[in-house]
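Hello,

Here is the structure for you to look over. My notes follow below it.

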Amino acid sequence: MTDDFRQDRRQPLPILSRLSNAVAIFGLQYLTLPALWYRDWFHPPEIPPNIVRSYPCRPSLSIRVFQPKSYDATTSSAPLPTLFSIHGGGFCLGRPNDDDAWNARFASMHGVQVIALDYRKAPAHAFPTAVYDCEALLLAACDDAALPVDRARVAVCGFSAGGCLALTVSQLPAVRDKVKPAAALPVYPVVDQSIPAALKGTTRHYKPALGGGVRAELYDYLATFSPILLWGYLSPGLDLRDPRISPYFTPRDNLPPHLFFIATELDQLAHETWCMASKLAGRPEPALADRVGREQPAENKGQLILDDDRFAFEHVDPAAGRSVRWLLVPDQLHGFDRLPENWHDKEGLEDARLKEVACQKLMGEWLRDVVWR
């Protein structure tokens, strides 16, 4: 892929646009507080975390620890393979609580410990605060003797903005030296901020034939929200090729040996993730004109496509002890497994739930059979 379309630096916005974005972000942050309070008190998670803990390095932030149902902390001292999970929200919104159901299910499905990290949110805490908040909590949790972390079997996962942070935190020197995560699993991440927002929406298919719900619309909902949220996170003048901002530019040696990229077909971020996975796997990198996925809806509802390299491939380098895997979830939106139910029609919601579980199954099997074998 040529680089003539890329931006090198974050450009400033006019004053009225800045004011509009600030009102939108702070409005969302404060208007959602009553709803979050109500949910916490009246609709707590079906499976609460086993442990909620904070550390002196970041006293305002907590980790949420989920252990398998089969694990009895009072009788077992055996360490557990551990997956660190980082939530999304455009670096401005979201909480680790948002992923409670996913984390609890994954922990029991695969017999692993899942530790959800938190970070302070932009615009009050812009880049690189989130990066180093996640680093501090990850290091503190790994050093916590009360948590049964198997230091030989650690991986980092993240969703959307959290997927970017999973790749970013994994490359930091302290994490590489002290934790040595064996794998990173970014799920529908943002990996390349140097691509102009106007171009990202042209790299995916739109499928009105899907019928109802947001996934059948002729626009990408991220096209509205992402520029606003990223204004809060990235200050003018920043180098957009900084690997802490755009993991696409990270040297391969600075990333974990095993990488599993998961994207969704109806997502303007999928193409950049496809490019990063292809580049790291030694495959030809798609051009901007090569739209991700395919034009027509998939034939088999609720199923992943594993026999078409547009949707799935894996490159294994046994000599180097490395691997790269790519999975594109067909006919689903960015955040499909976390969106409000009323964003889906009935068929889309059923499809999303089936594919969420299928993705979790593949991720856990890959960790067990490839990464932690």
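Helices here are DSSP runs of H or I of at least four residues, strands are runs of E of at least two, and both are numbered from the N terminus. By that numbering, aspartate 290 falls in the loop between helix 9 (270-280) and strand 8. Please keep in mind that this is a predicted model.

I begin with that loop. Aspartate 290 is partly exposed, at a relative accessible area of 37%. A polar atom of its side chain lies 2.9 Å from the backbone nitrogen of alanine 287. Beyond its neighbours within four places in sequence, aspartate 290 is in contact with Thr203, His271 and Trp274. Aspartate 144 is 146 residues away from aspartate 290 in sequence. In space, the C-alpha atoms of these two residues are 47 Å apart.

In what order do the nine strands of the open sheet run? The order is 1-2-4-3-5-6-7-9-8, with mixed pairing. Strand 1 (51-55) and strand 8 (312-317) are at the edges. Each has a single partner strand, so one side of each is left without a neighbour in the sheet. From one strand to the next, the twist averages 20°.

Strand 9 deserves a look. Strand 7 (residues 258-266) pairs with strand 9 (residues 322-333) in the parallel sense, over eight bridges. Histidine 258 stands opposite serine 323 of strand 9. Strand 8 pairs with strand 9 too, but in the antiparallel sense and over six bridges. Here alanine 312 has leucine 327 of strand 9 as its bridge partner. Strands 8 and 9 make a hairpin with four residues between them. In the turn, glycine 321 has a positive phi of about 70°. Is strand 9 enclosed or open? Of its 12 residues, 11 are buried, so strand 9 is largely enclosed by the rest of the structure.

Helix 5 lies across strand 3 (80-86), strand 5 (149-159), strand 6 (183-187) and strand 7. Its angle to strand 5 is about 140°.

Helix 5 is mostly covered, with 10 of its 10 residues buried. Among them are Gly162, Gly163, Cys164 and Thr168. Threonine 168 has a relative accessible area of 0%. Buried here means under 20%, so threonine 168 qualifies. Which residues does threonine 168 touch, not counting those up to four places away in sequence? They are Val131, Pro243, Arg244 and Pro247. The side chain of threonine 168 also reaches the backbone oxygen of arginine 244, at 3.3 Å.

Last, helix 8. Its 12 residues (222-233) should span 16 Å at 1.5 Å a residue. The end C-alpha atoms are 15 Å apart, which agrees. The buried residues of helix 8 are Leu222, Ser226, Leu229, Leu230, Gly232 and Tyr233. Seen down the helix axis, they fall within an arc of 145°, so they line one face of helix 8. An α-helix has 3.6 residues a turn, so residues three or four places apart point the same way. What do the buried residues of helix 8 pack against? Their partners are helix 1 (15-31), helix 4 (129-142) and helix 5 (161-170).

Best wishes

Conventions
Residues numbered from 1 in each chain as written. Predicted model: local features only at pLDDT ≥ 70, side-chain atom pairs only at ≥ 80, totals over all residues. Heavy atoms only, no water. Expected span 1.5 Å × (residues − 1). Buried < 20%, exposed > 50% of the residue type's maximum accessible area, 1.4 Å probe, protein only. Arc of directions from axis to C-beta. Contact = heavy atoms within 4.5 Å. Polar contact = N/O pair within 3.5 Å; in protein donor to acceptor, adjacent residues only side chain to side chain. Pairing = 2+ DSSP bridges. Axes fitted to C-alpha atoms, helices over the stretch in contact; angles between N-to-C directions.
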